[in-house]
Amino acid sequence: MIGFVPVSLNQFVKQYLRNNKGADAESVRAGVEDALAAWRQGVRCACGKPLWVAGSGVAGYGCFSCITGSAEPDGDPEIDVVCDDPFYELDGPEDRFAQVSEIIRNHPRDYRERLEEVEFVWQDDEYDLEYEEEAKEERKAVPETENQLQLIHFLDTGGPVSRHILDAYLEERYTPTPNLPLIRKYFKQANPQLKAILLKGLSINPTDLDLLDDLAYFSEFDSMLGELIRFYAEACIQETDMERFSLLAQDFHMNTYDHGYDALQELTTMFPSGAKGAVVQHLFDTVDQYEGPEDVPF
């Protein structure tokens, strides 16, 4: 048994038309494209096995065995993008997620490069209604105050982060009426000047909960999990107030957990005993009671 033979979509359509006279090329192509989309969404055969995309395009969703009655493929065609998938040999989506999670957990500082080594392809999330509404607001947003004008000028043109620029950012962050769409779009662009402002603020106050939370939000749009982990770990080391340390540890956990990083486990290694160790142990016992952090105002 030699398994599947990878073929392009065009090649499969030509082969199918050659073997099935009278078949409509556009219908075959549309069927395979539909099956490919279903496969990418994790749709499986009724028996639980992965779809045979090529066959599902002309026979309805199903695995190779259910469609052909044969146990294994032997030179049968399969669409190349399916065969090229680094997770193709895994049993299902759960295994794919587990492998990604393991890579991120074991290599938090260079997980992006490690995933790309196994041919992981980064793709933008599909637009949803809320995202589109935010995008419309951001496109329309313009500076409304002198402070916003100065801040946006810096974000657009760059330069050294002065105390004046940092204060402008902090003023906008804590004002009762911030121009949320105006600043939010710079987070989503992973604007380097905005990151420089956040790092400047943290260089002055490494344990600032709000700036760390802003950096965590920024990291959602930039590949900087390793940096975020280092900043939170350093903040936990430097903080001496146990109430603030508890808040820092909670944020550290909540802002990295979805990326596959176990911050509480790391903190137990950093603080095996003492007051901080007791706080971390308490969080271990009660972490499920805490809700996830809200998005930063921007």
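# A walk through a helical chain

Helices H11 and H13 pack with their axes 8 Å apart, at an angle of about 60°. That angle makes H11 oblique to H13. From H11, the contact uses Arg184, Tyr186, Phe187 and Lys188. From H13, it uses Asp214, Tyr217 and Phe218. Sorted by class, this contact of H11 with H13 has four nonpolar and three charged residues, and no polar ones. All of this comes from a predicted model.

Now step back to the whole chain. It has 17 helices and two strands. There are 298 residues in the chain, and buried residues make up 41% of them. Consider the contacts between residues at least 6 apart in sequence. Of these, 60% join residues at least 24 apart.

Return to H13, which covers residues 209–219. How many of its eleven residues are buried? Ten are, so the helix is largely enclosed by the rest of the structure. The buried residues are Leu209, Leu211, Leu212, Asp213, Asp214, Leu215, Ala216, Tyr217, Phe218 and Ser219. What covers them? The cover includes helices H10, H11, H12, H14 and H15. H10 spans 163–174, H11 spans 180–188 and H12 spans 192–204. H14 spans 225–238, and H15 spans 242–257. Look also at the start of H13. There, a side-chain oxygen of Asp208 comes to within 3.0 Å of the backbone nitrogen of Asp210.

Two of the covering helices, H10 and H12, also pack against each other. Their axes are 10 Å apart, and the angle is about 100°. That makes H10 roughly perpendicular to H12. On the H10 side, the contact residues are Arg163, Ile165, Leu166 and Tyr169. They meet Leu194, Ile197, Leu198, Lys200, Gly201 and Ile204 of H12. By class, the contact of H10 with H12 has seven nonpolar residues, one polar and two charged.

Between H11 and H12 runs a loop, and Ala190 sits in it. Ala190 counts as buried, because its relative accessibility is 18% and the cut-off for buried is under 20%.

Glu138 is buried, with a relative accessible area of 9%. Leave aside its neighbours within four places in sequence. Glu138 is then in contact with Pro181, Arg184, Lys185 and Lys188.

Helix H1 covers residues 9–19, and helix H2 covers residues 25–40. Their axes come within 10 Å and cross at roughly 135°. H1 and H2 are therefore oblique to each other. The crossing of H1 past H2 is right-handed. H1 brings Leu9, Asn10, Phe12, Val13, Tyr16 and Leu17 to the contact. H2 brings Ala25, Val28, Arg29, Val32 and Glu33. By class, the contact of H1 with H2 has eight nonpolar residues, one polar and two charged.

Gln15 is also in H1. Is Gln15 buried or partly exposed? It is partly exposed, with a relative accessible area of 26%. Setting aside neighbours within four places in sequence, Gln15 is in contact with Val7 and Pro77. Gln15 and Pro77 are 62 residues apart along the chain. Their C-alpha atoms are separated by 9.3 Å.

Glu78 is buried, with a relative accessible area of 0%. Which backbone nitrogens does its side chain reach? One is the nitrogen of Val53, which lies 3.0 Å from a polar atom of the Glu78 side chain. Another is the backbone nitrogen of Ala54, also reached at 3.0 Å.

How values were computed: Residues numbered from 1 in each chain as written. Predicted model: local features only at pLDDT ≥ 70, side-chain atom pairs only at ≥ 80, totals over all residues. Heavy atoms only, no water. Axes fitted to C-alpha atoms, helices over the stretch in contact; angles between N-to-C directions. Helix = DSSP H or I, 4+ residues; strand = E, 2+ residues; numbered from the N terminus. Parallel < 35°, antiparallel > 145°, perpendicular 65-115°, else oblique. Left-handed = near helix turned anticlockwise from the far one by under 90°. Contact = heavy atoms within 4.5 Å. Nonpolar A, V, L, I, M, F, W, Y, C, P; charged D, E, K, R; others polar. Buried < 20%, exposed > 50% of the residue type's maximum accessible area, 1.4 Å probe, protein only. Polar contact = N/O pair within 3.5 Å; in protein donor to acceptor, adjacent residues only side chain to side chain.
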